[in-house]
Amino acid sequence: MSAPAAPEKKEKISVPFDYNKYLRPNKLPHIWCPGCGHGIVLKAMLRAIDKSGFSKDQICVVSGIGCSSRTPGYVDFNTLHTLHGRALSFATGIKLAKPELKVIVVTGDGDALAIGGNHFIHTCRRNIDLTVLVFTNAIYGMTGGQYSPTTPMGSQATTSRYGSIEKPFDACEMAKASGASFVARGTAYHTLELEKTIHEAIMHKGTSVVDIIDACPTYFGRMNKYKSATHMMEVLEKDGTVSVKQVDKLPPEKVQGKFLRGVLHKDERPEYCEQYASLIMEKAKAK
Amino acid sequence: MAITMTKGQTGLTGNAAIAIAMKQIDPDVCAAYPITPSTAVIEDFSSFVADGKVTTELITVESEHSAMSACIGASAAGARVMTATSSQGLALMWEMLYIASGMRLPIILTNVNRALSAPINIHCDHSDSMGARDAGWIQLYSETVQEAYDNLIQAVRIAEDKNVLLPAMVCFDGFITSHAIENITLLEDEEVKKFVGEYRADRYLLDTDRPSTYGAMSLPDVYIEFKHQQSQAMAGAKDVVVEIGKEFGRKFGRTYGLFDSYRLEDAETAIVILNSAAGTTKVAVDELRKQGKKVGALRPRLFRPFPFKEIAGELSHVKAVAVLDRVDSMSGFGGPLFNEVRSALYDNEKRPRVFSRIYGLGGRDYKVKDALGVFGELEKVVETGKVETLQKYITL
Ligand SMILES: Cc1ncc(C[n+]2csc(CCOP(=O)(O)OP(=O)(O)O)c2C)c(N)n1
Ligand code: SF4
Ligand SMILES: [Mg+2]
């Protein structure tokens with residue numbers, strides 16, 4: 001028993017984070033392979049949601065199909081598990097019907113950028129208030145390791161036995177060019193930073209995209225000769241990225257070929273649902 | 001994956017056998033997008049492409065919508081084209097399925113049957129291909145790995161026949177046939193090559209001597225004529241299926257027809273059922289035959305066009321028929337196979353009693369005891385002359 005702290009001096013008590021509050025225990029264990037990055041991203045997401053102060057009923061988590069898209073099954077919010085590539089369209093419907101909900105879309109790089117690429121650019125263009133978390137593992141994990149639109153050139157996949165010859169997308173560049181008002185990148189390796197980035201994305205009004213580099217050791221890792229899941233994290237996530245905060249201080253050779261981490265773009269422009277509502281009000285008044 | 005390689009006999013999964021058939025056919029173009037449980041077809045085939053075993057251009061597009069679109073473009077340009085998919089993949093191709101058949105392009109598609117969402121399920125039922133049954137594609141259903149392999153090779157000839165010129169879909173059961181290893185006899189590469197021959201499209205894009213156009217606007221003055229021709233080609237495809245099935249038998253010893261009859265000659269009751277579940281049903285038939293009961297089974301191989309006359313003839317002496325569907329057409333009136341069979345029997349002098357049973361949705365097991373249960377119900381119908389329950393779900 002310790003004496004109660006003086007009111008002006010806050011005592012720092014470390015309370016273990018209660019993940020169970022946000023999980024559906026009867027849906028566990030999850031399907032993810034040992035070493036998969038998706039679980040780390042889930043953890044960061046839950047902590048960011050907790051910090052945001054929204055109640056569980058105010059949150060709606062929407063996904064498409066893929067290993068990453070299995071996330072809504074495990075979390076105790078309003079959840080919708082939809083079709084491969086279509087999560088953003090379903091989410092747009094939810095947001096328009098219930099603008100007061102905080103809608104978070106959990107999607108894979110294949111889901112968001114290949115089969116659902118069209119929805120991705122148009123969502124960003126509208127700047128509708130959705131938080132879009134793209135789990136970028138550079139592969140179609142769920143279907144057994146086909147190359148995806150983020151697979152680096154030269155990398156192996158079951159569909160690129162001699163190395164991919166397709167130029168990958170940079171999801172952040174695409175989001176920014178399409179009009180998203182918040183664009184950031186994180187990795188599963190930098191888990192505390194990721195938590196902060198996701199929190200900032202949730203608090204932003206407008207389309208906020210977080211491209212999250214994480215590892216699929218089972219397919220991308222094995223086929224590209226990474227020794228272990230941690231080896232992948234070190235090479236791709238730790239050494240393969242640079243924080244935007246440091247980029248100016250580093251010599252060009254230390255930045256070249258690396259992905260930037262952190263908030264890459266942020267602007268305030270009208271959000272779609274608000275514009276929609278104000279248009280209705282304006283026209284209603286005119287009569 | 002092959003486990004044994006004795007002379008002529010190989011242990012193969014359905015997907016591996018289909019990939020080998022595709023390798024032997026060596027199409028010009030294959031455009032595909034992965035989906036469980038058909039993924040391994042293209043996965044194996046992409047290795048053949050990478051190893052230089054085929055001359056095919058493999059296009060790994062970003063969705064099935066694009067896959068079928070690319071297939072259509074390539075086929076219209078005169079190429080022999082193949083692809084494979086399942087479930088939502090086929091559903092996403094819907095819009096293009098009609099384009100392929102309307103343009104009379106003999107594209108060959110392997111559909112590994114899987115349930116449609118929602119809720120999401122990766123296991124076998126026939127809701128995917130049955131949903132596409134009116135898209136103008138020839139549909140062949142396969143009980144075993146051997147039949148899937150043989151059907152794919154024959155499908156090329158059927159679709160490309162100049163009196164048919166329609167796309168064709170070869171269907172078999174997800175996981176049950178696609179992933180289980182069965183013993184099969186492969187043909188030699190040369191035999192397949194000779195059997196399918198070289199594809200020479202009569203009219204194709206980029207033919208500078210005879211320029212043509214596909215899919216151009218057809219208003220009320222001609223549209224119905226196009227559809228009439230397509231309908232006639234589809235109806236006529238039945239005879240081509242029979243001919244090619246016979247030719248295949250003459251050459252390789254395995255003859256195929258419109259359907260597979262099992263102990264039907266003197267049967268009083270029968271189950272009509274598609275794909276792998278027919279095997280289970282046959283076990284039940286054998287068990288009941290041992291007890292002296294006159295039972296049989298009929299497994300349609302060709303579903304589109306539907307061989308209504310032949311099936312009505314085959315069942316003409318049977319007193320009661322149960323049609324089992326691994327899909328519900330949600331019409332409130334039984335499954336699609338039930339509707340076709342029952343309608344086909346309408347013109348028979350002596351119509352059997354017919355009822356519908358829906359089974360095995362989303363991969364629920366269909367066991368010998370389930371077939372025995374249905375035969376029990378059929379027996380009662382023969383005794384009383386009355387169908388108590390016209391339609392219901394079994395295997396619940
Ligand atoms: C229309 C359709 N086509 C294909 C599939 C099969 N499919 C399921 S997940 C997936 C790829 C998933 O990749 P990604 O979005 O990167 O997620 P990951 O598994 O890597 O997390 C595919 C092709 C499907 N479910 N629906
Ligand atoms: S296949 Fe890859 S992405 Fe899917 S759970 Fe396993 S490691 Fe993760
Ligand atoms: Mg992925």
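In which sense do strand β7 (residues 241-243) of chain A and β8(A) pair, and over how many bridges? The two strands pair in the parallel sense over 3 bridges, where strands are DSSP runs of E with at least two residues, helices are DSSP runs of H or I with at least four residues, and both are numbered from the N terminus. Two strands are said to pair if DSSP finds at least two bridges between them. The model is predicted: local features need pLDDT of at least 70, side-chain atom pairs count only at pLDDT 80 or more, and totals for chains, interfaces and linings use all residues. Residues are numbered from 1 along each chain as its sequence is written, while chains are lettered from A and ligands numbered from 1 in the order in which they are written.

Within β8(A), A:Leu260 is the bridge partner of A:Val242. Strand β8 (residues 259-266) of chain A is also joined by 4 bridges to strand β5 (residues 182-187) of chain A, and these two run antiparallel. Here A:Phe182 has A:Lys266 as its bridge partner.

In chain B, an open sheet of 7 strands with mixed pairing has the order β3-β2-β4-β5-β7-β6-β12. Its edge strands, β3 (57-60) and β12 (302-304) of chain B, each pair on one side only. On average, neighbouring strands of this sheet are turned by 20° against each other, direction ignored; axes are lines fitted to C-alpha atoms, for helices over the stretch in contact, and angles run from 0 to 180 degrees between N-to-C directions. Strand β2 (residues 29-32) of chain B pairs with β3(B) in the parallel sense over 4 bridges, and B:Thr60 of β3(B) is the bridge partner of B:Ala32. Helix α7 (residues 145-160) of chain B lies across β5 (108-113), β6 (138-141) and β7 (168-173) of chain B, and runs at about 170° to β7(B).

Helix α5 (residues 117-126) of chain A has A:His119, A:Phe120, A:Thr123, A:Cys124 and A:Arg126 as its buried residues. A residue is buried if 20 or more other C-beta atoms, placed from the backbone, lie within 10 Å of its own, exposed if 12 or fewer, and partly exposed in between. Seen down the axis of α5(A), the buried residues fall within an arc of 165° and so line one face of the helix; the arc is that of the directions from the helix axis to the C-beta atoms. Just after α5(A), A:Asn127 takes a positive phi of about 55°.

The two chains meet through 16 residues of chain A in contact with 14 residues of chain B, contact requiring C-beta atoms, placed from the backbone, within 7 Å. On the chain A side, the residues divide into 6 nonpolar, 9 polar and 1 charged. In this classification Ala, Val, Leu, Ile, Met, Phe, Trp, Tyr, Cys and Pro count as nonpolar, Asp, Glu, Lys and Arg as charged, and the others, Gly among them, as polar.

Ligand 1 is surrounded by residues from chains A and B, so the site is shared between chains; a residue is near a molecule or strand if its C-beta atom, placed from the backbone, lies within 6 Å of it. Of the 25 residues around ligand 1, those that come nearest are A:Gly66, A:His84, A:Gly108, A:Gly110 and A:Gly141. The shell has 11 nonpolar, 11 polar and 3 charged residues.
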